[in-house]
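Please look over the report below, which goes with the sequence and structure shown here. It begins with one side chain and then widens out.

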Amino acid sequence: MTLAASHARRRLAMQRWLEEERVRRAAMLPLHARCAVCNERDPLVLVPNHRRILCANHDALQRGHTPMQQQHVAGKHNGPWVVYVPANTHRRLTTRERFRERQYAS
């Protein structure tokens, strides 16, 4: 198998896994759920434990926190380097990291 074919196969596997994760998380939310403030619809970033649905950014703001979170650039176990990203982006990146960790663990 060529390197390009291997990369394409891994990318497809990640896309399938992300879609399954979105379906799993959407099952915990009301139908057609979206953030009450910004209308974000991605189940990966919606917080289901409120009277009203909020995305991670607006949930942080409502709780009096900054919506910016530290993202470990090389992975938490590979170094101390971090960048600050919005909470919604952090949730998406973290979900992708969990997929990669599962791939390397198997």
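## Threonine 95

The side chain of threonine 95 reaches the backbone oxygen of arginine 91 at 2.8 Å. That is a polar contact, meaning a pair of N or O atoms within 3.5 Å; within protein, one must be able to donate a hydrogen and the other to accept it, and residues adjacent in sequence count only if both atoms are side-chain atoms. Threonine 95 sits in helix H3, residues 87-105. Helices (H or I, at least four residues) and strands (E, at least two) are DSSP runs, numbered from the N terminus.

Threonine 95 is buried, at a relative accessible area of 1%. Buried means under 20% relative accessible area, exposed means over 50%, and partly exposed is in between (1.4 Å probe, protein chains only). Leaving aside neighbours within four places in sequence, threonine 95 is in contact with Trp17, Leu18, Glu21, Arg25 and Leu44. Contact means heavy atoms within 4.5 Å.

## Basis of the model

This is a predicted model, with residues numbered from 1 along each chain as its sequence is written. Local features need pLDDT of at least 70, side-chain atom pairs count only at pLDDT 80 or more, and totals for chains, interfaces and linings use all residues, while side-chain values use heavy atoms, with hydrogens and water left out.

## The chain as a whole

The protein chain has three helices and four strands. From the N terminus on, the order is α-β-β-α-β-β-α. The C-alpha trace spans about 50 × 35 × 20 Å along its principal axes. Of the 106 residues, 29% are buried. Take the contacts between residues at least 6 apart in sequence: 30% of them join residues at least 24 apart.

The protein chain exposes about 7600 Å², and carbon and sulfur atoms supply 55% of that. Accessible areas come from the Shrake-Rupley method with a 1.4 Å probe; for residues, only the protein chains shown count as cover. There are 19 positive and 8 negative side chains, and the centres of the two sets lie 1 Å apart. Lys and Arg count as positive and Asp and Glu as negative; His and the chain ends are not counted. Each charge is placed at NZ of Lys, CZ of Arg, CG of Asp or CD of Glu.

Glutamine 71 belongs to strand S3, residues 68-72. Glutamine 71 is buried, with a relative accessible area of 6%. Its side chain makes a polar contact of 2.5 Å with the side chain of glutamate 97. Beyond four places in sequence, the residues in contact with glutamine 71 include Trp81, Val83, His90 and Leu93.

Tyrosine 84 lies in strand S4, residues 82-86. Tyrosine 84 is exposed, at 53% relative accessibility. Not counting residues up to four places away in sequence, tyrosine 84 touches Met68, Gln69 and Gln70. The side chains of tyrosine 84 and glutamine 70 make a polar contact at 3.0 Å. From tyrosine 84 to threonine 95 is eleven residues in sequence and 17 Å in space, C-alpha to C-alpha.

Leucine 46 lies in strand S1, residues 46-47. Leucine 46 is buried, with a relative accessible area of 4%. Its contacts beyond four places in sequence include Leu29, Cys35, Ile53, Cys55 and Arg91. Leucine 46 and alanine 5 are 41 residues apart in sequence and 34 Å apart in space, C-alpha to C-alpha.

Most residues other than glycine have a negative phi. Histidine 32 has a positive phi of about 60 degrees, although it is not a glycine. Asparagine 39 also has a positive phi, near 70 degrees. Histidine 32 lies in the loop between helix H1 (3-26) and S1. Asparagine 39 lies in the loop between H1 and S1 too. Histidine 32 is exposed at 68% relative accessibility, and asparagine 39 is partly exposed at 45%.

## Cysteines

How many disulfides does the whole structure hold? A search finds zero. A disulfide here is a pair of cysteine sulfur atoms within 2.5 Å. The sulfur of cysteine 38 is 3.7 Å from the closest cysteine sulfur, in cysteine 35, so it is too far for a bond. Cysteine 55 is in no disulfide either; its nearest cysteine sulfur, that of cysteine 35, is 3.8 Å away.

Cysteine 38 is partly exposed, at 37% relative accessibility. Cysteine 55 is buried, with a relative accessible area of 0%.
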